[in-house]
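User: Please take a close look at the nonpolar core of this model and the aromatic residues in and around it. I would like one connected account.

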Amino acid sequence: MMKHRGKKLGNALCHIYLLILTFIATFPLVWIIISSIKGKGELTGNPTGFLPKTVTLDYFKHVIFDLNFINNIKNSVFIALTTTVIAIIVASLAAYGIVRFFPRLGEIMSKVLVTTYIFPPILLAIPYSIVMAGLGLTNTRGGLIIVYLSFSIPYAVWLLVGFFKTVPIGIEEAARIDGANKLVVFGKVVLPLVMPGIVATAIYTFINAWNEFLYSLILINDTNKMTVAVALRSLDGSEILDWGDMMAASVVVVIPSIIFFCLIQNKIAGGLSEGSVK
């Protein structure tokens with residue numbers, strides 16, 4: 001009886017502890033969202049006030065339509081999604097090839113690829129600018145995507161190699177005996193098993209591309225092609241900083257990443273056993 005009560009008390013303490021951590025983690029986002037819907041003058045008149053006296057979407061309307069943030073959102077969504085899709089396709093094929101066909105050489109290759117992260121981004125800013133200018137890709141979304149892929153693909157390959165190693169070779173051999181070719185085995189047997197790793201890598205790639213600031217600032221100078229990260233920074237550089245606009249713009253920048261994660265998070269658990277059951 002005492003043991004049962006102790007277990008229940010321990011579970012209750014664990015839940016309380018997790019609730020406290022959840023509150024700490026989500027409070028900044030909740031604060032930004034609430035601040036973005038406060039009435040005019042509330043943020044400056046009572047900065048520490050939590051609940052708004054009046055609720056308004058004027059800041060969002062001003063940011064999205066008057067400041068043309070809707071165009072910046074489209075640019076960031078296109079660039080981040082394109083980078084993510086291309087990186088995942090290339091990295092999945094490369095990681096599978098390394099694990100199954102070139103295991104020894106692949107180990108060396110994957111380690112060499114990840115060394116690209118040794119160099120700080122600011123160190124490579126000038127070389128990238130020179131290369132993109134030479135290719136005529138400066139101030140283009142395609143040039144920015146290429147730059148992002150040069151960082152995303154090596155790291156994605158390195159991550160996915162570990163996941164592909166967990167796939168038993170026996171499952172693939174059984175599929176080959178049943179008449180499946182290599183492409184079918186890869187697409188219908190192997191990929192569903194490593195789907196949690198692919199989803200995690202996709203989330204990482206998308207968020208990095210969405211939040212990236214340095215190369216977007218250097219390579220894009222056309223306001224119509226500017227990403228949300230640079231557009232948000234431009235608000236801070238204005239002569240008069242409107243905190244309501246800044247909060248609304250911050251929500252606009254953060255929400256797509258959250259939506260993207262919510263849309264694909266079910267794939268993390270859903271792909272664990274699909275493909276191995278005939």
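Analyst: Accessible areas here come from the Shrake-Rupley method with a 1.4 Å probe. On that basis the chain of this predicted model exposes about 16,200 Å², and carbon and sulfur atoms supply 71% of that area. Of the 278 residues, 38% count as buried. The secondary structure consists of 14 helices and 0 strands. Among contacts with a separation of 6 or more, 73% join residues 24 or more positions apart.

In soluble globular proteins, nonpolar side chains tend to be buried together. The largest nonpolar core in this chain has 63 residues, and Phe69, Phe164 and Tyr215 have the most contacts inside it. Helix 7, residues 141-164, gives this core its largest share, 12 residues.

Tyr215 can be followed through its contacts. Apart from neighbours within four places in sequence, Tyr215 touches Pro121, Leu124, Ala125, Tyr128, Leu144, Val147, Tyr148, Phe151 and Ile220.

The whole structure contains 12 aromatic pairs. One of them is formed by Tyr155 and Trp158: the ring centres are 5.6 Å apart and the planes meet at 35°, so the pair is tilted. The cut-off matters here, because planes under 30 degrees apart would count as stacked. Both residues are in helix 7, 3 residues apart, which means that about one helical turn separates them. An α-helix has 3.6 residues a turn, so residues three or four places apart point the same way. Trp158 is partly exposed, with a relative accessible area of 39%. Another aromatic ring, that of Trp31, has Lys38 over its face, 5.6 Å from the ring centre.

After helix 3 comes Asn68, with a positive phi near 65°.

Methods
Residues are numbered from 1 along each chain as its sequence is written. This is a predicted model: local features need pLDDT of at least 70, side-chain atom pairs count only at pLDDT 80 or more; totals for chains, interfaces and linings use all residues. Side-chain values use heavy atoms; hydrogens and water are left out. Helices (H or I, at least four residues) and strands (E, at least two) are DSSP runs, numbered from the N terminus. Buried means under 20% relative accessible area, exposed over 50%, partly exposed in between (1.4 Å probe, protein chains only). Contact means heavy atoms within 4.5 Å. A nonpolar core is a set of buried Ala, Val, Leu, Ile, Met, Phe, Trp, Tyr and Cys residues joined through side-chain atoms within 4.5 Å. Rings of Phe, Tyr and Trp (its six-membered ring) pair if their centres lie within 6.5 Å; planes under 30 degrees apart count as stacked, over 60 as edge-to-face and the rest as tilted. A charge sits over a ring if NZ of Lys or CZ of Arg is within 6 Å of the ring centre and within 35 degrees of the ring normal.
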